[in-house]
Amino acid sequence: MNRIDTSVDGDRQILVNDTDDSGENSSDARKRQQNGYHHVPSPRENVITQRNNGLVLNSSRVSDGRETDTNTYTELLRGSVPCPTCRGNGSIPKEQEGQLVALIPLKDKRLKPRRTYLYVCLAVFLCLTAAGLLLFFMFPRNVTIESNKPFLSPQNLSIAVQSVQFLISNPINITNQNYFPVTVNSITMSVLFRTKVVTTSNDKNTTTVPIRDTVSTSVTAQLKFNELNEFGYMAILCNDTNTWFHEFVMVFDFTVSYSYLGHDEMTSLTTYQSVSCGNDTAPVISTHKPQPLTTTKVTTTEVTTSEVTTKGGST
């Protein structure tokens, strides 16, 4: 049974429930206590008692004189925050406020956002496109060496007895087919004459070949023919007045060392080129045309015999 207790001034009213949480009337509980029975409160009763101890009744009056009782219960929270899902009837410790878990229904639209497949397909397409472009531009390609095989004329020619010495400069073209620059670290050229290595030149000048471009460079080497390498007889040929004795075919082996993106590579080229060891500056090309053969007619004379008649006899 519910009853209303009014204080002395009549301004505040408290609604008291005479029936406890177990469904028994408070008068019945008092009779049981008088008969010697002791009531042990349940855990739920203890919680309700603690809540009732912390409730404050607020009442308001209407300005026109009519009194309206509006019972608003405000819980005095000490180190706690209101429970967002208890409809104002509970509290949780502040330490556990950040550990709350929100339960969303399975049919909630937020679990099925729109255009999910479109976004996923677009992301996959962009990733594949970026990977393809990266592989296309960063995939290493060949660095080639080319030579026009020009006729090589001697420089600083020196001819002595059983000794010939001169310099040659052999031009080559280095082509970069990559989409990134290439740095040429060194160029090595070996000169072979009749299966023997005459000299080896190493050019360590650093050269940068731009993206998909060609750079021309020359390698200089000094050739020596003397008795030490068993080519002393070349002095006679190179000093001959006939220019066709000055030309020889030599083998040139090029080895280029280059680097790109922190990686070192090497490429090579072998050429057969004509080299002159005389004072002529160009290869001798014979322009003399042979004269056509002429035939001469040989005239023969016929000798006729005549009968000579002499007197007194016959021949």
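In this briefing, a contact means that heavy atoms lie within 4.5 Å. By that rule, and leaving aside its neighbours within four places in sequence, I174 is in contact with V143, T144, V184, I187, V209, D213, T214, V215, T217 and V256. The structure is a predicted model, in which local features need pLDDT of at least 70 and side-chain atom pairs count only at pLDDT 80 or more, while totals for chains, interfaces and linings use all residues. Residues are numbered from 1 along each chain as its sequence is written, and side-chain values use heavy atoms, with hydrogens and water left out.

**Overall build**

- The chain has four helices and 15 strands, where helices (H or I, at least four residues) and strands (E, at least two) are DSSP runs numbered from the N terminus.
- Of the 315 residues of the chain, 23% count as buried; buried means under 20% relative accessible area, exposed means over 50%, and partly exposed lies in between, with a 1.4 Å probe and protein chains only.
- Among contacts between residues at least 6 apart in sequence, 59% join residues at least 24 apart.

**The annotated span**

- The unreviewed UniProt entry places the feature "transmembrane region" at residues 117–139; UniProt positions are given in the numbering used here, feature names are shortened, and annotations may be inferred rather than shown by experiment.
- In the model, residues 117–139 are 96% helix and 0% strand, and the end C-alpha atoms of this span lie 32 Å apart.
- The charged end of R141 sits over the ring of F136, 5.2 Å from its centre, a description used if NZ of Lys or CZ of Arg is within 6 Å of the ring centre and within 35 degrees of the ring normal.

**The nonpolar core**

- A nonpolar core is a set of buried Ala, Val, Leu, Ile, Met, Phe, Trp, Tyr and Cys residues joined through side-chain atoms within 4.5 Å, and of the 35 residues in the largest one, L223, F225 and F252 touch the most other members.
- The elements that give two or more residues to this core are β7 (143–146), β9 (163–176), β10 (182–193), β13 (213–226), α4 and β14 (247–260), and β14 gives the most, with seven residues.
- Not counting residues up to four places away in sequence, F252 touches L152, I168, N170, M189, S190, V191, L269, T270, T271, Q273 and V275.

- I174 is found in strand β9 and counts as buried, at 3% relative accessibility.
- I174 and V256 are 82 residues apart in sequence, yet their C-alpha atoms are 8.9 Å apart in space.
- S259 has its place in strand β14 and is buried, with a relative accessible area of 17%.
- Not counting residues up to four places away in sequence, S259 touches V182, T183, N185 and D264.

**Aromatic rings**

- A search of the whole structure finds 12 aromatic pairs, where rings of Phe, Tyr and Trp (its six-membered ring) pair if their centres lie within 6.5 Å, and planes under 30 degrees apart count as stacked, over 60 as edge-to-face and the rest as tilted.
- One of the pairs is that of F231 and Y233, which is edge-to-face, at 6.3 Å centre to centre with 70 degrees between the planes; F231 is buried, with a relative accessible area of 5%, whereas Y233 is partly exposed at 32%.
- W244 and F245 form a tilted pair, at 6.0 Å centre to centre with 50 degrees between the planes; here W244 is exposed, with a relative accessible area of 54%, and F245 is partly exposed at 33%.
- F166, F193, F225, F231, Y233 and F248 form one aromatic cluster.
- K196 lies over the face of F231, at 5.8 Å from the ring centre.

**Cysteines**

- A search of the whole structure finds one disulfide, a term for a pair of cysteine sulfur atoms within 2.5 Å, and this disulfide joins C238 to C277 with an S to S distance of 1.9 Å.
- The pair links distant parts of the chain, with C238 in helix α4 (residues 234–238) and C277 in the segment after β15 (263–276), 39 residues apart.
- The torsion about the S-S bond of C238 and C277 is about -100 degrees, so the disulfide is left-handed.
- C238 counts as buried at 3% relative accessibility, and C277 is buried with a relative accessible area of 2%, whereas C127 counts as exposed at 54%.
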